[in-house]
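Student: I am new to this structure and would be grateful for a close look at a single part of it.

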Amino acid sequence: MPEPADTGRRIKELRVSAGMTQHELAGSDVSASYISLVERGKRLPSGRALKILAARLGVGTADISGEVERPESTGRVRRRDLVGRLVAARRRWEGGDPEGALREFRSLVGTEPVGRPDDVYTESQLAIAEILGALGRADEGAAVLLRMLDALAPVPHAEARLRGLIALADLLEAAGRVQDGLRYALTGSLEAAGAQAPAGAFHSWYLLDALTRCAYWSGCAHWALEAGTGPQECPADGVLPGPRAGIALHRALDLWDRGETDRAAGLLAETARRVTPAAGFRLWEAVNGRHALLLLDRGEPPAARSIVERGLVVASVAREADFPLWLRTAEAVCAESAGDRDRVWVLGEQLSALPDSGRCHEKAAALSEIAAACARLGDRERAAGHFRYSAELFRRAQAYRHADRARERLAGLYEMRN
């Protein structure tokens, strides 16, 4: 940082050597009194004023300030240029060019630290990890986030670190490593509780969503309830944002697993009423598909069929790329209740053929529902195959309690056959 007195002295020397008065140097852009203050070391010229004075004196800004100018190509670029590149990279990603976006985000991360704002670095790292996860390269994405977290202490960088922990928990859960995801979600919960500057409501809800999901699939749903992360007050009505809907869904599933079907049905019905596809198609269809399955379990097939038919129409109109896993599963159980065995078989084969990469615990849970439908139709061999495959997928996803339940149901089939 140049000293005001040195800068003022250089300006005065250059002005005098050029034979200019203070009024002539000031021109119409600045006042003569401002020039006087600068020359006496009472004021340091702003960047704009420095450029104006340098142009009038016929010199470079470095001749006045005494600083060595660095070309912008070295990384000392303007913040708005970096933010513009960040936005362009995200648009490229959303436009269907993940590899091109990945290169641009990595270029931003590689910008010289002295000229790179922390928020641009953080956003770029998070985007890189998310793209790698979407491309099926979860291990690479996790490595990016772990390096980012290693560079951030828990307290001084609470928000950036919390976002990194949430992203890591989400990435690992999506990759079918639910217990690894739970570990980082719990770390985020503990750090948020002990931070000097508590996390805002926005990040608290995202953290509780990740924690609830990972805890449910890990067989430790009560951990999320005991953590107490996230604001407790919420609007009584209106559209549910994605994190709130995700929390409600997995709490309802836990109630259902524990046999509290009335409470589960009430919570799922309320969540389905308030969530929209804007919260994320995968989440929206999971809420509606699970709600339909619960209605079928309670002996309400007409209401369930109505939900499934409406949901599949929405999925078709929206041209969503994701396979509507839970709506199709509910459709299969609806077909079973109507006695349409062939439709159950077809949908079961479609679900079995889905890739095992990415949320294999969700695929495993859907196959368990199909297996149960096959068993009720008397096709025990097909049911056993689905239960066996489901148990293996749960095991791979670290969802060991769910795997045990699938194996118990498989054993029950063998006992019935014997």
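Student: Does tryptophan 217 count as buried or exposed, and at what relative accessibility?

Tutor: Tryptophan 217 counts as buried, at 1% relative accessibility; buried means under 20% relative accessible area, exposed over 50%, and partly exposed in between, with a 1.4 Å probe and protein chains only. The model is predicted, so local features need pLDDT of at least 70 and side-chain atom pairs count only at pLDDT 80 or more, while totals for chains, interfaces and linings use all residues. Residues are numbered from 1 along each chain as its sequence is written, and side-chain values use heavy atoms, leaving out hydrogens and water.

The neighbouring ring may now be considered. The structure holds three aromatic pairs, where rings of Phe, Tyr and Trp (its six-membered ring) pair if their centres lie within 6.5 Å; planes under 30 degrees apart count as stacked, over 60 as edge-to-face and the rest as tilted. One of these pairs joins tryptophan 217 to tyrosine 216, edge-to-face, with 5.0 Å centre to centre and 75° between the planes. Tyrosine 216 is likewise buried, its relative accessible area being 5%. Together with Phe394, Tyr216 and Trp217 form one aromatic cluster.

Another pair consists of phenylalanine 281 and tryptophan 284, which is tilted, at 6.1 Å centre to centre and 35° between the planes. Both residues belong to helix α16 (residues 281-297), three residues apart, about one turn of the helix; helices (H or I, at least four residues) and strands (E, at least two) are DSSP runs, numbered from the N terminus. Phenylalanine 281 is buried at 7% relative accessible area, and tryptophan 284 is buried at 8% relative accessibility.
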